[in-house]
Amino acid sequence: MSELASESMSQGELDGLVEVSRLIGADPSLVLHGGGNTSVKTTVPDVTGEPVEVLYVKGSGWDLATIEPAGFAPLRLARLRALLSVAHLSDRRMMNELRCALLDAAAPDPSVETLLHATLPHAAVLHSHADAILTLTNTADGESLVRKVFGDRVVVIPYVMPGFLLARACAERFAKEAHPGTVGMVLMNHGLFTFGADPTQAYRRHLQLVGDAAAALPSVPSGQFGPDEVDPVELAGLRAEISALAGAPMIVSRHAEPFAARPDLTSVASRGPATPDHVIRTKRVPLIGRDLAKYAGEYRAYFAEHANGRELTMLDPAPRVVLDPLLGLLTVGRRAKDADIARDIYRHTIQIIERAEALGGYRALPAADIFDVEYWELEQAKLHRGSTAGPLTGEVALVTGAASGIGRACVEALHARGAAVVGLDLTPTPTDRPDYLGLQADVTDADAVADALERTAGRFGGLDILVPSAGVFPGAQRIADLDPEAWRRTMSVNADAIATLFTRAHPFLARSPRGGRVVLIASKNVPAPGPGAAAYSASKAAVTQLARVAALEWAADRIRVNLVHPDAVFDTGLWTEELLAERAAHYGLTVAGYKRRNLLKTEVTSAAVARAVAELCTDTFACTTGAQIPIDGGNERVI
């Protein structure tokens, strides 16, 4: 709600709607990921002081679970009711008229179902896509089941596509069938509306009706998934094929799912979504098995049949949901969040299918109705709202040493460019970001590295970018006093572990949709070693040679391998205050002067290194492999 619209309004009414909206949004059995909408009608004085009836309705792009007063669009109710008398309004014209009815031009776009809220003669209106309601309506005898469960407490609306025509249909039928005992409205294959004198009453009615529907459903025993052994490299190959169909790198997440092992899977999973709104996230049907070519062919035929000569651009034919008896459930999206949304929606769809089957058979809407929503411009707008893609969107990076210093900065830089990131460290950073997987791993443990790569494939589908950043500096030590154990430990972390990582990561990188990329964090000590750093310099020189050979060997697999040679990056774990003081004293400098001991007299930071690393992974350097880039502020010995 905007400041202009809130100045004169009774805050209690809107606060009550916010509270109830969040309760609905917090229950995934009612709404998922931005679904549903709510409203309240009230009267406020306009700028002239005249009283105006206003509808506050959820704005597009807001999620009920986290909505705030600013998320409700204030509209002049009289204008909305006048629009319902128009014989026909195109979707584009309707949305324009809704914006023109706003009290404040800065308010969010009103929900596409705004006119439906306006037509109901109640102060508060709540709408959800409750699983229990969708289960009843997605059966062969859905309307009869609804009437059997609810009697005349609800008005039943046959399926009509959302928008102006649905609002008109609801207005007409509600006027004919509603009576003082009417507490709700069931929209077939769509969801539930309840209403009341205030949001609390509407919410209680909502819970009552959903509870009655749930009580009428049969219980369905949960199944067992079976073996959980899947070749992660095979999964990476499937992701590459899916990405090729989609025309862009895609995130593919794997989930154990007993439903995928049903003997009648092809039949029950090929009937369509529980409600047409879901099609933009899951497509009409999932891929059953792994025959992507067949799926794509069937999607193209579906498009040709239902486009009916209209000037429509076909969406990509790649699946967003895959069901396979061995793989389980795979969900697909341009971002990890998109894949997770598809997962949540389809798991609720599975519950609806299984209960509807027990009621006599799951039956979704005809393909033509689903197509109309899939290619509806207002629905497609939901996907594109706030979804500007970065250059690495859909790609997966693995960074070692990810919890601090250069590694942590690389994680942030790769995220900023759209990548999903797996971070390995002895002490991983916890986060609830869907595009980050933090794993505890010792990079010198080959089994831990293999497990991390397997988990990377399971969470995101594969690997595109590898940034080995973990390293150790054993402290200044002259060769005459060299500690053999420190030498071996340094070589183990800085060279041997990366050789193992390269070997294990290669099959995944070779299956990257756009070609794999490796950016190794080496060191200025490779071209210009310093006294007292024999173990560190030798280990970095060894791994540099390893990377150069990899650049030669892996070019045929479309894998680019480049290196950066940072120097004097003092915000990393390698540098302690004692070591800084020691090195500064060696050069006869203060610590501050030592930090800027380069030709450009600039301080080199982890973020500066990370920006170069991330950029090397983009198409800016698509023609570059085997490069060694100093990030040191300019060093005479290196130059």
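Four of the five residues in strand S3 (residues 72-76) are buried, so the rest of the structure largely encloses this strand. Here, buried means under 20% relative accessible area, exposed means over 50%, and partly exposed is in between (1.4 Å probe, protein chains only). Keep in mind that this is a predicted model: local features need pLDDT of at least 70, side-chain atom pairs count only at pLDDT 80 or more, and totals for chains, interfaces and linings use all residues. Residues are numbered from 1 along each chain as its sequence is written, and side-chain values use heavy atoms, with hydrogens and water left out.

**Strands S2 and S3**
- Strands (E, at least two residues) and helices (H or I, at least four) are DSSP runs, numbered from the N terminus.
- S3 pairs with strand S2 (residues 51-58) in the antiparallel sense, over five bridges; two strands count as paired if DSSP finds at least two bridges between them.
- Across that pairing, Lys-58 sits opposite Phe-72 of S3.

**The loop with Ala-70**
- Ala-70 belongs to the loop between S2 and S3.
- With a relative accessible area of 34%, Ala-70 is partly exposed.
- Ala-118 is 48 residues away from Ala-70 along the chain, and their C-alpha atoms are 19 Å apart.

**Cysteines**
- Searching the whole structure turns up zero disulfides, a disulfide being a pair of cysteine sulfur atoms within 2.5 Å.
- For Cys-623, the closest cysteine sulfur is that of Cys-617, at 15 Å, which is too far for a bond.
- Cys-623 is exposed, at 81% relative accessible area.
- Cys-100 counts as exposed too, at 56% relative accessibility.
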